[in-house]
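Okay, everyone, thanks for coming. Let me put the structure up, and then I'll walk you through a sheet and some charged pairs.

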Amino acid sequence: MSLITSLLALRRDARLLKIPPYLSALCVLVGIGWLLVLPLQEYSRGTYVSENALLPGQVHTYFTGSEHNIFRAYRHEVAELVHQPLEGRNQRLAEILRSSGLKVATQNYEYSASGRTISGQNVYGILQGPRADATEAIVLIAAWRNMDGEINHSGVALVLTLARYFKRWSLWSKDIIFLIAGDSTAGPQAWVDAYHDSHSPASIEPLSIKSGALQGAVAIDYPAGPWGHRFDKLHIVYDGINGQLPNLDLFNTAVSIASGQMGIGCTLQRMWKHDDSYQARLQTMLRGMISQGLGHASGPHSSFIPYHVDAITLQTVGDGWHDEMSLGRTVESLFRSLNNLLEHLHQSFFFYLLMQANRFVSIGTYLPSAMLIAVNFTITSIALWVQSGRAPNPPSPVSTNTKPSEAPKMIAIDRDGMVALIPEQYLTIIERKLFLPLAFVGSAHFLGLLPLYIFNNTSESSLTLTFHATTFLTLLLPQLTASALSLSPYRPSAQETILIQCLSLLLLGMFLSALATLNFSLAFLVGILATPLTFVRPTSSRPIAGLQTLLLVAVNPLVVITLATSYWAGGDVSQLRTVLVAAAEGWHVWGLWTQVVVWLVWWPAWFAESVVVAGSLFGKVVEAKSVKA
């Protein structure tokens, strides 16, 4: 009777170890469900301005009348400069700013990425506020070319006009910097790096004149040609580099002024028609998550946000009845609000997801979804750790048909006058051999440095070929590694195979949990794509091993990148080269670290799990019944 009781207790413990896979699956489902309910009215909030000093839309704007004629003249002059050489064009822009009474300077910059040289010149002028002491400044930006590669005719002309217009007012308590960048990405990045003395003097020229601490920045994207074009809405772009966001008060102030004071509709995330339905809110939120997850620069403003300078881009879209005067008054009112600030924007949110221009969710509401995804890896790693310390082949209860030679060796335990027989195998201390698992997982993460370096330093002409060759190699590498290990004298045991999975998933869960607090979108997307790694196991069944191998091929980071690019480009595989070039440019220019997450967090976990599944070639395979999904 004592033997049966002890075996039943041991079986009960074994049944408990069957729970983790179901608990991990529950975490994933709840995490996804949590995200899907956020667009509902009950789980999101209306936007509001937290900083009372901003007073958006409370001032009367005067940008009208004769300023319209000046703007038209500047727009035609900008059109004449399009075909001028770079030096001549910027010299003329500097003369215009200098004629408005500003201190003017230029800055040359040059970057190298993917065998290409990205060079240009920035022109900027500083308006010293009559009531300022040169300790704070606001930046108004117009890139010569916008993110679509179009000449920003009206945007540059509007900045020149506003520079002349703002100079006439004595109410400014902050300096205003007018920046005409050479392009929308490298130019602003070179300028803001040099402004904060964090640039490389070998490629970026230092700034000859500066002002105080930057309190905010607004970029204008208005590519209407010399004859103008009326627009319908303002598309407010707010995504920063590496998923960083400006203070929500700046976004709310722009929306309040444009829609409330000027009657201009506002949209975001390229949702031109937003009917405020659940589907539209969800689509807007997911677009924002993808943009933040990629971490790329979405406009000239993006380079300022890593320096804790709140910035947005105002982009005109559609055909309507609003003209450059409406946009000019919007910028004037927005700068008047920023001029009222007594301290840096800090009261509102820096982590949020926008559903539309007037609705959002804060980090406290959406963060649990990414954390639940990350926790599922940790739960499985704990279960694997426990399993690695248990007997690999639990003995069966002794029956009348059991041969004496097959019966497990029993040990009598006497406690409180009661005797129980326990299989000796359960009382044996199993030492975990960690050297090989630690070495393997560490080597997998170190191996990720190679493609990280290769893709960031390969020339543009060879990038696509290198990518396809790396994809083929990464798909073949787990099988080659498994085969090599099976033939080596250091062939992993069943316990070491379990520990490789355990340590790999533990690191993945730890990295994603930390990343979720910095870039929620990237952590969530990587977590969802890596979820199958939780449930794959080595097995002696060929069909199951084949299905698991196909699943792992589908979630290979390079395969995911290829499929995603093909989907977003409408099947145009040539866009893969554009994506790779942009990633390399982001690494060298913006300091993009999305590649670090892909190659040093996601790919090593995929590689370790793929080798474990291919571990059926090792010879002796552990079935892992106690944690089998």
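**A sheet, its helices and some salt bridges**

Let's start with helix α19, residues 575–590: this helix lies across β2 and β3 (116–127), and runs at about 125° to β2. Before I go on, this is a predicted model, where local features need pLDDT of at least 70 and side-chain atom pairs count only at pLDDT 80 or more, while totals for chains, interfaces and linings use all residues. Residues are numbered from 1 along each chain as its sequence is written, and side-chain values use heavy atoms, with hydrogens and water left out.

Quick terms: helices (H or I, at least four residues) and strands (E, at least two) are DSSP runs numbered from the N terminus. Contact means heavy atoms within 4.5 Å. Axes are lines fitted to C-alpha atoms, for helices over the stretch in contact, with angles from 0 to 180 degrees between N-to-C directions.

So what is the strand order in the open sheet? Eight strands, going β2-β3-β5-β4-β6-β9-β7-β8, with mixed pairing; two strands pair if DSSP finds at least two bridges between them. β2 (103–113) and β8 (265–267) are at the edges with a single partner strand each, so one side of each has no neighbour in the sheet. From one strand to the next, the twist averages 25°.

Take β6 (residues 213–221) and β9 (residues 311–322): they pair in the parallel sense over five bridges. Ala-219 sits opposite Thr-313 in β9. Then there's helix α7, residues 248–261, lying across β6, β7 (231–237), β8 and β9, at about 170° to β7.

Now, salt bridges, meaning a side-chain nitrogen of Lys or Arg within 4 Å of a carboxyl oxygen of Asp or Glu. How many does a search of the whole structure find? It finds 11.

One of them joins Lys-174 to Glu-136, with the closest N and O atoms 3.4 Å apart. Lys-174 is in the loop between α5 (153–167) and β5 (175–181), and Glu-136 is in β4 (residues 136–143), so the pair ties together parts 38 residues apart in sequence. Is Lys-174 buried or exposed? Buried, at 1% relative accessible area, where buried means under 20%, exposed over 50%, and partly exposed in between (1.4 Å probe, protein chains only). Glu-136 is partly exposed at 22%.

Last one: Arg-116, Glu-460, Arg-577 and Glu-585 are linked in a network of salt bridges.
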